[in-house]
Each structure stands twice: as C-alpha cells, then as structure tokens.
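Welcome, and please take a look at the chain below. We will go from its contacts and overall build to one of its sheets.

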Amino acid sequence: MVYDYEYLKKEVLALTKIDLNCYKEKQMKRRIDTLIAKNKIVGYDKYVQGLRTDKALYEEFVNYITINVSEFYRNPEQWKLMDQQILPELIKKFGKNLKIWSAACSTGDEPYSLVMALSRHVPLSNIKIYATDLDKQVIEKAKIGLYGEKSIAAVPDDLKKKYFTKMGAFYKVADEIKARVEFKEHNLLKDSYPSNYHMIVCRNVLIYFTDEAKDEVFRKFCKSLATEGVLFIGSTEQIINYKEMGYDRKNSFFYQKV
C-alpha cells in the first residue's frame, strides 16, 4: 500500500470527518508535514496510527489544521461600519431579537464582540448569538473566556472597561456577555446549516478552502439567511459571483441576500 498524502486524506476523513480535499493542498500539506516533523514521526502511516491511539496527538492535529487565529473587533473599521449602519438597519427591519450566527467562531473573540457591539443598540436580554466551530478544543477555550492583552486591543475603551476584568496576564470576559452566546460543534463542509438568520459572520476562514468549497459555503450561507439578511466576511475575502448566488453587495465585506 502507498502511504502518500492521498492515503492520509482518506484516513483523516474517516477519523475526524474533516475533508482535506476542500483545503488548498500545497498549504495544508506543508502545515501537516511540519506538524509530523515536530512530533519526530516518520511517514504518514505511522502518523495515522498515532492519531488512532494517542488522544493528545489527535487533538493537536485537529487544533492545528483548523487554523485558529482570532481577536476581538478584528479590522475595527469594518466593525464600526457594522455598528453605525448594518446593525441599525437590521434592527429596523427585523426587530430587537436578531438571529445571528458566528460561523467558524474559533476561540470566541468574534461572538463575544458581536454581543458587545449589539449591546450598544439593544438590551443584553435581547441578544442571542449562535456560535459554531469544527474544533472542540477552541470551543472549550471560548467558554472559559480568558484572553491576552493583544486579543482585546481593538475593543472600544468603554466596552473594555465595562466587560473585561484583569486576571494576572489575562482578561476575563464578563459572564453577562458569555451568557448571550450558545456554542456548538459544526463542520461547514459536512453538516446541515441552520435557517432564517438575519446576519451570518464568517471571517478569514474560507481563504484556506479551495474555490469550489468556498463557493459551496457561500451558497449555503445565502440559503441560511432570511431575505435581506446580511453576510459579513473577512478583509482578505471576496465573493466574485455574488449576484449569481443571490447576494447584493452592500460594501466590500457585507453582502445582503436579495
């Protein structure tokens, strides 16, 4: 049997339900090869054996390939636009109880940022964010809600003061913010999507996907949105054929379902 990258992809899919075919191959193979070398393992077959038997190795692998880079209010100018234009429009259209999905939410920075941004417009009791990620470990980390200074650097000062408590070298997000977020495991490439959302936020994740996988996710997001709902994507992303998918472009990073 040939223990090549094709073999690894097949085994990883069976073990983790993560389809590596949907990720850019050169980039992903390089990341995995680096991880295998770091663990001083020789060959994909030995690594697959390790993934089957070693829980720590398995969790490290899933955590590593699901690329978790996140921070609060990432690209603050886009959050400012959301605060001043997008959220007021959505509240006017759909009311105070907006249905918002933070997809591929990583360590919780994004859904907690959404709660804080919304708290300027509606009472906390009206806010409920649905937050999902493929990686169980980052969801657990998100539920704890402890962040380094760099992660919260872009949070507006009044919100930082109001909703964070310094604990040694870390900052803890307030329980009243955490209570507004429901975390769930979800695989964007495999699982069914929820429906009738007023806003979906999925930023800086799909850049690692192949063009085909990216298109499929954008189409599914469109189906998940209520008519005139908004998709908020990352600053390194764009939807080329957005009209054909059923979106109207509000500006570079906000797309509205027609």
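In this predicted model, residues 24 or more positions apart supply 73% of those contacts in the protein chain that have a separation of 6 or more. Buried residues make up 50% of the 258 residues.

If you trace the secondary structure, you will find 11 helices and 10 strands in the protein chain. The radius of gyration is 19 Å, close to the 18 Å that the globule rule gives for 258 residues, so the chain is as compact as a globular protein of that length. Here are some whole-chain values side by side:

| Property of the protein chain | Value |
|---|---|
| Span of the C-alpha trace along its principal axes | about 60 × 50 × 25 Å |
| Accessible surface | about 12700 Å² |
| Share of that surface belonging to carbon and sulfur atoms | 51% |

In what order do the three strands of the open sheet lie? The order is β3-β5-β4, and the pairing is antiparallel. At the edges sit β3 (146–148) and β4 (164–167), each of which pairs on one side only. On average, neighbouring strands of this sheet are turned by 35 degrees against each other, direction ignored.

Strand β5 covers residues 170–173, and β4 pairs with β5 in the antiparallel sense over four bridges. To find your way along this pair, pick out Lys 166, which stands opposite Tyr 171 in β5.

Technical notes
Residues are numbered from 1 along each chain as its sequence is written. This is a predicted model: local features need pLDDT of at least 70, side-chain atom pairs count only at pLDDT 80 or more; totals for chains, interfaces and linings use all residues. Side-chain values use heavy atoms; hydrogens and water are left out. Two strands pair if DSSP finds at least two bridges between them. Helices (H or I, at least four residues) and strands (E, at least two) are DSSP runs, numbered from the N terminus. Axes are lines fitted to C-alpha atoms, for helices over the stretch in contact, and angles run from 0 to 180 degrees between N-to-C directions. The radius of gyration is taken over C-alpha atoms; the globule rule is 2.2 Å times the number of residues to the power 0.38. Buried means under 20% relative accessible area, exposed over 50%, partly exposed in between (1.4 Å probe, protein chains only). Contact means heavy atoms within 4.5 Å. Accessible areas come from the Shrake-Rupley method with a 1.4 Å probe; for residues, only the protein chains shown count as cover.
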